[in-house]
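Hi everyone, thanks for coming.

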Amino acid sequence: MQNFDYSIPTKVYFGKGQVEKLSLLSQFGSRVLLCYGGGSIKKTGLYDTVLQILKQNQMSVFELSGIDPNPRIESVRQGAQMCREHNIDVVLAVGGGSVIDCAKVVAAAAKYEGDAWDLVVDGSKIQDALPIATVLTLAATGSEMDQFAVISDMTLNEKLGTGGECLKPAMSVLDPTYTYTVSKKMTAAGVADTMSHTIETYFHNEPGGYVQCRFAEGLLRTCIEYGPIALEQPDNYEARANLMWASSMAINNIIRYGVFVPWGVHPMEHELSAFYDITHGDGLAILTPFWMEYVLSEKTVQKFYEYGVNVWGIDKNLDKMEVAREAIAQTKAFFAKMGLPKTLSDVGIGEEKLEIMAQKAATKTAGCFVPLNAQDVLNIYKMAL
């Protein structure tokens with residue numbers, strides 16, 4: 001197991017009614033930048049609730065709205081300018097991972113003298129940020145409890161991940177009831193995102209990471225158990241609560257400390273989103289089983305065998321390669337059961353830009369579980385057509 005420094009400083013307030021803890025934002029100051037997306041929080045009444053709590057605590061609220069599902073650098077620039085103009089003390093994101101990602105980079109850009117895109121291209125430049133708080137409305141990215149953010153510049157067809165310790169939210173409110181109104185499509189995409197975070201961490205080559213693997217298997221089994229229930233019973237608190245906590249645990253570093261290797265599927269999917277602006281979870285659901293098929297070999301079969309036995313409950317007495325192939329087949333079948341797209345053509349992607357996407361993705365896949373070059377990535381894309 002690798003050496004690591006453990007730090008997950010976010011204070012999480014989990015459960016019904018915990019939004020009242022937003023009163024604690026006053027510890028950071030009195031001027032809040034409220035970040036949100038297309039207005040769904042207004043339809044559900046959450047927007048009014050948040051404003052009421054903030055105003056009851058004598059806080060001045062300024063709003064950055066209209067944040068896109070793949071958050072744009074333009075919104076980050078706008079938010080950073082607002083922070084400077086209004087002397088913002090704390091950035092509050094109310095929404096899913098896209099809103100939170102945007103808010104994180106806004107908080108950092110407000111403390112940076114150059115252009116906000118610099119911080120996306122080079123995360124080492126993120127040295128300081130305003131305090132960040134979140135109210136989560138979609139279980140998917142885990143951004144409410146980690147140091148990462150993904151921002152797009154669609155004029156460049158770039159979707160890049162960045163991060164820094166100061167981007168970990170100071171506090172996050174996780175009320176599963178706020179996910180009751182999430183559509184079936186986005187619920188399924190969120191489950192796929194959570195599973196992908198877990199799978200990409202689980203498939204590593206680090207010896208001795210036993211406890212991390214067992215944690216990861218538990219998270220995957222949770223998604224498999226409760227994903228279909230949430231689709232059929234959207235107001236099932238038990239299902240929504242388990243999925244919400246699983247999404248946080250999948251990427252808050254708890255399962256990657258000591259075993260981390262760079263991810264392979266995420267860089268490939270980021271290119272799909274950068275060029276075609278598709279839903280992130282959809283792209284991950286499409287690519288993950290094909291990636292699995294491509295990297296399965298006699299060298300990697302043991303990990304897939306563990307995955308099949310411990311996650312999918314396949315008979316451990318079967319041939320290891322048989323177990324591995326069945327595990328991949330069950331992964332693909334589960335995503336289909338959740339109503340997720342199966343192929344790139346299902347989301348309107350053809351062969352036209354595969355080569356350029358493969359070249360760009362390959363700059364980030366050289367050190368993953370099975371190193372992938374541009375030809376490997378292209379092969380996976382073509383398998384997924």
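Let's start with Asp 115, which forms a salt bridge with Arg 77, with 2.9 Å between the closest N and O atoms. By salt bridge I mean a side-chain nitrogen of Lys or Arg within 4 Å of a carboxyl oxygen of Asp or Glu. Asp 115 sits in the loop between α4 (97–109) and α5 (117–121), while Arg 77 belongs to helix α3, so this pair ties together parts that are 38 residues apart in sequence. When I say helix or strand, I mean DSSP runs numbered from the N terminus: H or I with at least four residues for helices, E with at least two for strands.

Before going on, a word on what you are looking at: this is a predicted model, where local features need pLDDT of at least 70 and side-chain atom pairs count only at pLDDT 80 or more, while totals for chains, interfaces and linings use all residues. Residues are numbered from 1 along each chain as its sequence is written, and side-chain values use heavy atoms, leaving out hydrogens and water.

Back to our pair. Are its partners buried or exposed? Asp 115 is partly exposed at 33% relative accessibility, and Arg 77 is partly exposed with a relative accessible area of 33%. For these words, buried is under 20% relative accessible area, exposed is over 50%, and partly exposed is in between, with a 1.4 Å probe and protein chains only.

How many salt bridges does a search of the whole structure find? The search gives 12. Another one joins Glu 158 and Lys 360, whose closest N and O atoms are 3.7 Å apart. That pair links distant parts of the chain, with Glu 158 in strand β7 and Lys 360 in helix α13 (residues 354–361), 202 residues apart. Lys 360 is buried, at 18% relative accessible area.

Then there is Lys 168 with Glu 165, whose side chains meet in a salt bridge at 3.0 Å, N to O. Here Lys 168 is buried at 8% relative accessible area, whereas Glu 165 is partly exposed at 49%. There is also a network: Arg 214, Glu 217, Lys 303 and Glu 306 are joined by salt bridges that share partners.

Now let's turn to the strands. Take β8, residues 171–174: Met 171 and Val 173 point one way, Ser 172 and Leu 174 point the other way, and all are buried. In general, side chains in a regular strand alternate between the two faces of the sheet.

Which strands pair with β8? One is β1, which runs parallel to β8 and is joined to it by four bridges, with Tyr 13 standing opposite Val 173. Another is β5 (residues 132–136), also paired in the parallel sense over four bridges; there, Leu 136 has Leu 174 as its bridge partner. Two strands count as paired if DSSP finds at least two bridges between them.

Strand β2, residues 31–35, is mostly covered, with four of its five residues buried. β2 pairs with β3 (residues 60–64) in the parallel sense over five bridges, and Cys 35 has Leu 64 as its partner there. β2 also runs parallel to β4 (residues 90–95), with four bridges between them, and Val 32 stands opposite Val 90.

Two loop residues are worth a click. Asn 87 has a positive phi of about 50° although it is not a glycine. You'll find Asn 87 in the loop between α3 (73–85) and β4, and at 55% relative accessibility it counts as exposed. Asn 157 has a positive phi too, near 55°, and lies in the loop between β6 (148–153) and β7 (158–163). Asn 157 is partly exposed, at 24% relative accessibility.

In the loop between α3 and β4 you will also find Asp 89, which is partly exposed at 24% relative accessibility. The C-alpha atoms of Asp 89 and Tyr 237 are separated by 34 Å, and these residues are 148 apart along the chain.

That's my tour, so over to you for questions!
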